[in-house]
Amino acid sequence: ALAQQATAVEALAASMPYNANKSKEFGRDNAISPSAGQTQEPNSDLASASTLSETNISAKTGGDAASLDRARVDSAGEVLTTNQGVAVGDNQNSLKAGLRGPTLLEDFILREKITHFDHERIPERIVHARGSAAHGYFEAYQSLTDLTRAAPFQEAGKITPVFVRFSTVAGERGSVDTARDVRGFAVKFYTDEGNWDLVGNNIPVFFIQDAMKFPDLIHAVKPEPHNGLPQAASAHDTFWDFASLMPETTHTLMWVMSDRGIPRSYRMMQGFGVHTFRLVNAAGESQFVKFHWTPKLGTHSLVWDEAVKIAGADSDFHRRDLWDAIEAGEYPEWELGLQIFTEAQAEGFSFDVLDATKLIPEELVPVTPVGRMVLNRNPDNFFAETEQVAFCTAHVVPGIDFSNDPLLAGRIHSYVDTQITRLGGANFHEIPINAPLAPVHNNQRDGLHRQAIPRGKVAYEPNSLGGGCPFQAGAAGFVSFPEPLEGDKLRGKPEKFADHYTQATLFYESQTELEKAHIIGGFRFELSKLTVPAIRERMLASLVNVSADMAAKIADGLGMELPEAMPKALAKCIPPEVTQSPALSLAALPGDGGIRTRKVAILVADGVHGASIVAVQAALGAAGAVVSIIAPRLGPVSTADGESVEATATLENSPPVLFDALVLPDGSDGVTRLAGYGQTLEFVTNQYRHGKTILALGAANALLDKAGIANTLASGRPDPGILLAGVDTLDDGAAGFIAAAGKHRHPARETD
Ligand code: HDE
């Protein structure tokens, strides 16, 4: 073994540096040597090779596989070394004075290993700590040069690399994915003209109107400070205390209590930029814009009972879903749409476009599709990429500018500021995942963990010793839109901000009956968890202003009288342009009705009819579903007809909430055996209760019967989500099952 190690060490010495791209960073393979005075023209080899991001250009644009190559380390076939590149002879034992003697301080190998380990953790994000991310690209449908000079929109077919991170807001880094919460939807575009971060959410409005209230909002929703309870949940006193005292939260509360708060998958939710932004074209003309991401798979949600149970069954449910889909080549895709409007239009609206608690109904300003985003590569390393990525609303590029939304103003400050603590200094832009593709040249210097090695003695501007470089770009660079302003310096809000209920009502009245029932259920659950009745009462008084009918139903569920309506801040609001907007319902985006990537469970046990299972499994596989064969134990199942069937999961390790649909097998021996397991009945009743599609093959009808479902069927109210098929109707049965499962759920059962 020692001889082998010695050979490996020799091979190491003879080989390239362990990170082959490292040499490029020092300009070695470009044969660049430092020169005196450094008076090169901008963009000469020397000037550009002196920045870290320059090496990223070739790396990131070198196609998917080459992306971030500069920083990648692959240890395959390599010898183990210390951080100093010294080969380690023994990675099992510390250095001791005698085999039973004390470990020596001299053991720099042990000390380096332990010291590094001791410092592995960095602070988690104060909000959005729990997240999952992926690489991909944005492709423009058409040129938008008349609207904006932003690089991603300059020509049809233009590709811009992106990195996208989805997140929950309130929970800590290891918290559950299926908590009721807003979801973050943050997109980093590595454009030719620098990084643009569109840091949005899956809900188009926000709880508060002014950044001044953000620390209060977050302190209220986070676990209560005295006992650290509860984790990743808003169902507690402090959140609702704050919400009930701040009626501006009402509109967003409606969205979070709706099914938007418990998405089925990150791949099946919308994204919104929330604030009004500006687009600015090359002539310096500007229009307002709101950004919308629409998922190709449609918008789908969990039901609450399911979300609670998934939290136990697979707390990484959304992370796993995103990862698995991308690994399987099922790349999630969103369309980017813009609502573009002028300042004059904005002035005419019944609400203020600078108020992040308001949206612009699509009836007033339609959403124009301008491109698509595809996520097609999982990160190589969770920490290096997903954890260290630093999104900042301040990261805009020429062609994109801010509005005066006072919430956005606070964000422009907050994100850069928070990264300095979280990532340990002002050089977080040099971390590979954050470094832009566009070259970086400036006189910002030094600081903790500086990576770039700027050459020459000039670090100021103006200068003559550096030939005046780097020089300012003038009109070719970022020029803030010269918005004319007037007014006194003061603290306050425009009057339209004080209308806290009109759009909350618009949202409610735009929902289907089922969605309304779920909103009521959401409020009922959350408010039922409060320990201070006065908060419950105050919140209900506020909700009366949204819909007296809704508030009455919530009150009923809480065993309370309906209180008087809370006095409104604005007694007389401007009448809204629309009182219903169908696009606000999740039903507006059903998807294509297919079942690609949907998870289907087939229950089996010894004695089932194998051929029918194999046939259904093949049909589901052809439709793109992910099938699990679930039995009391793993391994081969002995089928009644000798067909080979292998269990890939167990009743114990895969509870029903992890599946979108269920197939029950034929073969009376197998069915009887399955019926003997408590989990089987739970499987059937849970799938039924959560509105899932169930296909019962032949003898499996007995399982429906046992679960009380056959009775429901016999009652004359046909259920489109329960299908029966025999050996001779297998093809039709499978086709019907696929079509029914493509509807996602059969919620009529909820009233059973
Ligand atoms: Fe954030 N938010 N936020 N936020 N936010 C952060 O930045 C903040 C707001 C959003 O995946 C923090 O890097 C303030 C609205 C996302 O890394 C922090 C205000 C929207 C993410 C911060 C808001 C968001 C964050 C914490 C009100 C939707 C996760 C860590 C003035 C449009 C990004 C970090 C990721 C993260 C501040 C309100 C979305 C503290 C002060 C509105 C998706 O800087």
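Select His128. This residue sits in the loop between helix H5 (108–118) and strand E1 (131–140). Helices (H or I, at least four residues) and strands (E, at least two) are DSSP runs, numbered from the N terminus. You are looking at a predicted model, where local features need pLDDT of at least 70, side-chain atom pairs count only at pLDDT 80 or more, and totals for chains, interfaces and linings use all residues. Residue numbers start from 1 along each chain as its sequence is written.

Is His128 buried or exposed? His128 counts as buried because it has 22 C-beta neighbours inside 10 Å. The cut-offs: a residue is buried if 20 or more other C-beta atoms lie within 10 Å of its own, exposed if 12 or fewer, and partly exposed in between, with C-beta atoms placed from the backbone.

Now show the contacts of His128. Leaving aside neighbours within four places in sequence, they are Ser167, Val169 and Gly184. Contact here means that two C-beta atoms, placed from the backbone, lie within 7 Å.

Next, select Asn201, in strand E4. The UniProt annotation "active site", from an unreviewed entry, covers His128 and Asn201. They span 74 residues in sequence, yet no two of their C-alpha atoms are more than 10.5 Å apart, so they gather at one spot. UniProt positions follow the numbering used here, feature names are shortened, and annotations may be inferred rather than shown by experiment.

Asn201 is buried, because 24 other C-beta atoms lie within 10 Å. Beyond four places in sequence, Asn201 is in contact with Val182, Arg183, Gly184, Phe185, Phe272 and Val274.

**Turn to the ligand**

Which residues come nearest to the ligand? Of the 24 residues around it, they are Arg125, His128, Gly184, Ala211 and Val274. The elements that give two or more residues to this shell are strand E2 (159–168), strand E3 (183–191), strand E4 (194–201) and helix H13 (406–422). A residue belongs here if its C-beta atom, placed from the backbone, lies within 6 Å of the molecule.

Color H13. This helix gives the most to the shell, with 6 residues. Then color the shell by class: 12 nonpolar, 9 polar and 3 charged residues. Ala, Val, Leu, Ile, Met, Phe, Trp, Tyr, Cys and Pro count as nonpolar, Asp, Glu, Lys and Arg as charged, and the others, Gly among them, as polar.

**Stop at Ser234**

Select Ser234, in the loop between helix H6 (214–221) and helix H7 (237–245). Ser234 is buried, because 25 other C-beta atoms lie within 10 Å. Leaving aside neighbours within four places in sequence, Ser234 is in contact with Ala170, Arg180, Val221, Phe239 and Glu526.

**Follow strand E16**

Jump to strand E16 (residues 661–664). Ala661 and Val663 point one way, Leu662 and Leu664 the other, and all are buried. On to the partners of E16. Strand E11 (residues 599–603) runs parallel to E16, joined by 3 bridges. There, Ile602 stands opposite Val663. Strand E17 (residues 693–697) also pairs with E16 in the parallel sense, over 4 bridges. Leu662 has Ile694 of E17 as its bridge partner. Two strands pair if DSSP finds at least two bridges between them.

**Zoom out**

Show the whole protein chain. How many helices and strands does it have? There are 23 helices and 18 strands. Of the 752 residues, 42% count as buried. The C-alpha trace spans about 90 × 80 × 55 Å along its principal axes.
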